[in-house]
Amino acid sequence: MGWRKEPAFSLSLIFTLYLLVPMDMTPDPALHSAAKLRSAWESLAANAAEANCFYTPAMILPALRHLEGQDDVRLIEAWQDDVLIGLLPVVIAPHHGRYPIANVTNWTYRHCFFGAPMIRQGEEIHAWEHFLSALDSADWAPHFLHLTGLDSDGANVAALQELCARQRRGLRPVHRYERAFLKSPLCADDYWETHIRSKKRKEIRRLQKRLNELGTVTSSTLTDADDLGAWCDAFLALELAGWKGVEGTAMACHPADAAFFRDSVASAFADGTLDFLRLDFDGKPIAMLVNFLMGQGGFSFKIAFDETMARFSPGVLIEIDNLRHVLDGNGPDWMDSCAAPGHPMIDSLWAERRHIVQYRVALRGVRRSIAWYAMQVADHVTARLRAINGKNEP
């Protein structure tokens with residue numbers, strides 16, 4: 001028996017379950033529109049137990065306007081009297097990994113790189129109680145809750161684990177990875193000397209010196225609202241001119257994505273949570289970096305650089321500017337890279353790591369219990385077949 005037999009067996013098992021356990025997934029409107037929630041939502045964000053810029057009004061509202069309609073997204077609200085203590089945006093997913101079994105999942109829209117619900121500090125357990133109770137009683141919520149993009153060391157996971165243990169509710173981690181994270185008491189120079197290899201430091205200094213010999217290099221941060229449109233134009237053009245443009249994944253390739261970018265950047269600037277860095281050579285941008293700030297931290301959202309200048313590594317050079325910006329007291333206390341695991345550039349510059357996890361959470365109900373049990377069986381079968389496959393390999 002080999003690895004190739006695993007998908008057929010597991011898919012057959014879950015597909016059979018899917019046919020036997022139909023559920024009503026007709027969309028219903030959210031309790032309140034996102035726009036009407038804004039005041040309470042902003043108060044919640046200002047007092048969040050765990051920062052997540054991607055679930056603030058400055059980013060969710062543009063995402064709803066440009067990336068996905070409100071009919072597809074539900075905002076699960078948790079209230080304590082007249083105070084909003086939690087907000088969890090969810091959608092229905094028709095698949096769970098390779099299995100064609102529907103589930104309700106936290107909404108990680110395109111360009112969303114963290115999925116922690118917005119929960120008021122000190123109300124973590126109560127907010128999760130509201131979320132899970134609402135989903136337990138919702139006819140439209142199929143099979144189980146799938147949570148993606150959580151910090152395994154964050155307040156959300158700690159509260160969820162405690163509550164599930166109290167309620168004897170199934171909770172299963174299904175995937176995890178780590179990504180670069182920046183948090184250190186060191187100043188930038190000491191961090192540079194301590195965590196970046198001497199060979200790489202020497203190479204970066206050589207590139208900086210060579211570039212300065214060839215022309216004028218300037219670093220700047222966006223401060224004037226009148227420059228916002230031009231900076232967004234420049235960023236989108238840089239990204240489009242590179243490999244993302246060739247592959248069709250640059251935001252400028254898709255009008256909705258470009259509109260979302262402009263809208264979210266403008267909203268964050270208005271809120272005072274935008275950190276937009278730029279590196280110019282002879283007055284022309286060769287690298288740009290967009291960070292979104294929240295509370296004491298920040299999220300590195302997007303980077304773009306001039307690939308015709310690749311021999312000078314402009315992406316690395318603007319990240320060095322960002323390192324100084326964060327660690328020398330001018331920026332946030334920490335920053336999440338939002339990068340893919342094993343990213344060769346940022347992993348070589350930032351030494352700390354954030355552990356990102358996914359969870360499957362059981363929901364109440366007979367049919368949901370059957371689905372939960374079937375997924376447990378599928379996980380067991382998958383693990384067994386992987387072990388057998390490993391033994392059979394030469």
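**Close-up views of the predicted model**

Residues 24 or more positions apart make up 75% of the contacts (heavy atoms within 4.5 Å) with a separation of 6 or more in the protein. This is a predicted model in which local features need pLDDT of at least 70 and side-chain atom pairs count only at pLDDT 80 or more, while totals for chains, interfaces and linings use all residues. Residues are numbered from 1 along each chain as its sequence is written, and side-chain values use heavy atoms, with hydrogens and water left out.

**View 1. The largest nonpolar core.** A nonpolar core is a set of buried Ala, Val, Leu, Ile, Met, Phe, Trp, Tyr and Cys residues joined through side-chain atoms within 4.5 Å; buried means under 20% relative accessible area with a 1.4 Å probe, protein chains only. The largest such core has 82 residues, of which F54 and Y109 touch the most other members. Helix α8 (residues 228-241) gives the most to this core, seven residues. Helices are DSSP runs of H or I, at least four residues, numbered from the N terminus.

**View 2. Surroundings of F54.** Beyond its neighbours within four places in sequence, F54 is in contact with residues including M59, Y109, F113, F299 and C338. A second, separate core of 29 residues includes W192, L277, A287 and L349.

**View 3. Helices α3 and α10.** The axes (lines fitted to C-alpha atoms over the stretch in contact, with angles from 0 to 180 degrees between N-to-C directions) of α3 (residues 57-66) and α10 (residues 255-271) come within 9 Å and cross at roughly 155 degrees. The two helices are therefore roughly antiparallel, a term for angles over 145 degrees. Residues of α3, among them M59 and R65, meet residues of α10, including F260 and D263.

Technical notes. Buried < 20%, exposed > 50% of the residue type's maximum accessible area, 1.4 Å probe, protein only. Parallel < 35°, antiparallel > 145°, perpendicular 65-115°, else oblique.
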